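Reader: I'd like to learn how to read charged contacts in a protein model. Could you walk me through some?

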Amino acid sequence: MRGTRRTRLCLAGVLAASTLIATPAARSAERTDGHLTDLVNPFIGTQNEGNTFPGAAVPFGMVQFSPDTGHNTGYDYTQNRIRGFSLVHLSGVGCRIGGDLPVLPTTGEVTQTDYAKYAAGFSHSGEEASPGYYRVGLDSGVRAELTATERTGVQRYTFPATDKANVLLNAAQSLHQPAGAAVEILDDHTVRTEITGHGFCRDTGPYTVYTITRFSRPFTAYGTWNGSTVAPGARTGSGGAYVRFDATKDRTVEATTALSYVDARGAAVNLRAEGGRSFDAVRNRAREEWERRLAAVSVPGGDPALRRTFYSSLYRSFLAPNIGSDADGRYIGWDRRIRHADRFTYYQNWSLWDTYRTQAQLLGLLAPREARDMALSVVKVDEDGGWLPKWGYGPVETNVMSGDPVTPFLTTAYQMGLLKGFEERAYRALRKNADEVPPTAYPGVGREANAEYIAHGFAPYIKGRPLAKMGDSDYHHGASVTLEYALADAVLAQMARGLGHTEDAARYAARAQNYRNIFDPSTGFFRARDAAGTFTGEADPARGIGFHEGTAWQYQWLVPQDLPGMIGLIGGARAANARLDSFFAYDRLLADPAKTAREVWVHGNAYDYYNADKYNPMNEPDLIAPYTYLSTGQPWKATDVVHGALTLFTDGPTGMTGNDDLGTMSAWNVLSSIGLFPIQPGSDTWGLSTPVFDRVDLTLDRRFWPGGQLTVTAPGTSASDRYVQSVRTDGTPHTRTYLTTDALRSVRSLAFTVGPRPSEWGTSPQAAPPVLK
């Protein structure tokens, strides 16, 4: 019976869904000269809470120069007024942040100081975006263009003929919660600002950004404002500044804004290091940088819409984390002191609960030099400030999300060879994080429920427990936190064993089994326990409590360190497959993958996490769930589910599944499309499923990947031929459903043979991914 109904599925759905919406920018890409950057549509995810931004950035740049339309993360495709073009945006986050120093060109007298009131209308027909470049025609008749370097945003405004061509720099308004601002006109070309803000889901400690903007020609007039009071000719203010130009003959004005999180000197250093070039020169350089980055993955041929969604996801995977150190190496440590990055680039912005599952591994594969510096930066957070981060924005901890995401993030770096020479430093920080909790005076919560977890083997769910610090509390999510801690313990045990810390390894490996302590035999699912150890909340696993952004159904599969053990708890492989089939609505999936993905799996908006017994492809807890079939003897079903989920990635504004969360969802799309996925995040295991392209060539950095090249082939992969018949690595038959990182270092070719029906490949118990011990 295998496969008789499955041959209608997946790739056809992917291709059909990916052509649903095409923006003008996406359509124009098909008419260009064939650069990979022409395949990227930055508007993907700007509608329906994907929370991406269409503006200009370079890979991992400190600056993301993009329009703000009033949405709490910057840009919403459904809106039609731009409040300003601001310097800082995080791709795909779910909470208000960034938007520092919105700048807007206007004409006439300056009478309004609230950017919601002086916002300019625009139409998408006059809008264009590509990697490193954004352009829009405003209803005022001004054309605005943006591009960027690592630490600067470069703007070009073309005005209608007027002697009152203004540029407004609104220091006191932003997307987050501003706490204070200062602006100063330094001379007839230059404006300096200092902006302090806080926020991100909850209040956080304050942080300050410093900017300096240098215009291409002198002002004819200027002024500042405090509140709503405009003072023409004033050089200082606490609200913002305007500068004016005569555009009756020369209608174009260019400006470069440099950013620093350190001090005004840092902004000036960055301006000297990266400023001074024309707009076109910066734009061309940004395009070249993106072209080189995207060229690490070559996909010859293939459906145009599918290639656009793929390369757009690859693009978004390289937007963060972001450079935090200035051109002179200085940065602000988490102790609020000025530090210096010696022989590495310091990075910041750590959405670790999200990125540890997909993006960390993709960057370790395709951008290992940067990924190494990112891992070292996280270690420096501990060494500078006293503890490892949970969700860090700039130089502050937000405590957003729960569990222990920093451990699998850093053990991923260890397993991929990115911590050589720093292994023990990283391990010391991880060991402290795993065994203790931060002191009261420290703003971070770390493993907040660690005392109970270590003493009793589970993190308790304590309803209504007051927050000890800003952000989220692990006590409010005791069930999922127990699973997250246990996974972190499992991968830390592997690192400890590799470094010769055998007693620690045994202790963490034992703690990795703590997932068993929240399994309720009466329901057959994981369930929260209160402080007394009693199972609590509704017995219905779709409606239980204590799971962060999910239900017991969705967290059932978050035991990648010991899937055989978890499968045993629920009654063996037959019972597990029945539960998986129900979870994925497998029969309906076979009949109509795209409809099932949109109407059964995606049962609400991006934030509709609860009261569900089905797979949620829009949120992180389920990212590895489809690959559970690799451990139940039915690996072909992993391909069916993965390819069904891929239909949710399309090439228009709604083409993102959920928040992108600094590249997490985009990286899922890239890795799953290639057929190589980190199924045990924090470890060295990569699951295999059918690629969606006939051929993918990865160019790898030989300093980290000695082979230097990995070619993945699946000739004839299609809707009718998508099931793995066999796999070969460098010509040798490979019968397991996974590869290790060490194997990837030496393999140069990974060849899939596909066919119309499932085969016996990968169905034996010996083929399943290993238990982490």
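Author: Gladly! Keep in mind that this is a predicted model. Let's begin with Arg431 and Asp504, whose side chains form a salt bridge at 2.7 Å, N to O. Arg431 belongs to helix 11 (residues 423-435) and Asp504 to helix 14 (residues 502-511), so this contact ties together parts that are 73 residues apart in sequence.

Reader: What is the general idea behind such a pair?

Author: Side chains of opposite charge can pair when their charged atoms come close.

Reader: Is Asp504 buried or exposed?

Author: Asp504 is buried, because its relative accessible area is 10% and the cut-off for buried is under 20%. Arg431, at 37% relative accessibility, counts as partly exposed.

Reader: Which residues are linked with Arg431 and Asp504 in a network of salt bridges?

Author: The network also includes Asp404, Asp435, Arg447, Asp489, Arg507 and Arg511. For the whole structure, the count of salt bridges is 46.

Reader: Where do Lys380 and Asp384 lie?

Author: Both sit in helix 9 (residues 368-385), four residues apart, or about one turn of the helix. Lys380 counts as buried at 18% relative accessibility, and Asp384 counts as buried at 7%.

Reader: And how should I read burial for a whole helix?

Author: Look at its residues together. In helix 8 (residues 359-366), eight of the eight residues are buried, so this helix is largely enclosed by the rest of the structure. Among them are Gln359, Gly364 and Leu366.

Terms used:
Residues numbered from 1 in each chain as written. Predicted model: local features only at pLDDT ≥ 70, side-chain atom pairs only at ≥ 80, totals over all residues. Heavy atoms only, no water. Buried < 20%, exposed > 50% of the residue type's maximum accessible area, 1.4 Å probe, protein only. Helix = DSSP H or I, 4+ residues; strand = E, 2+ residues; numbered from the N terminus. Salt bridge = Lys/Arg side-chain N within 4 Å of Asp/Glu carboxyl O.
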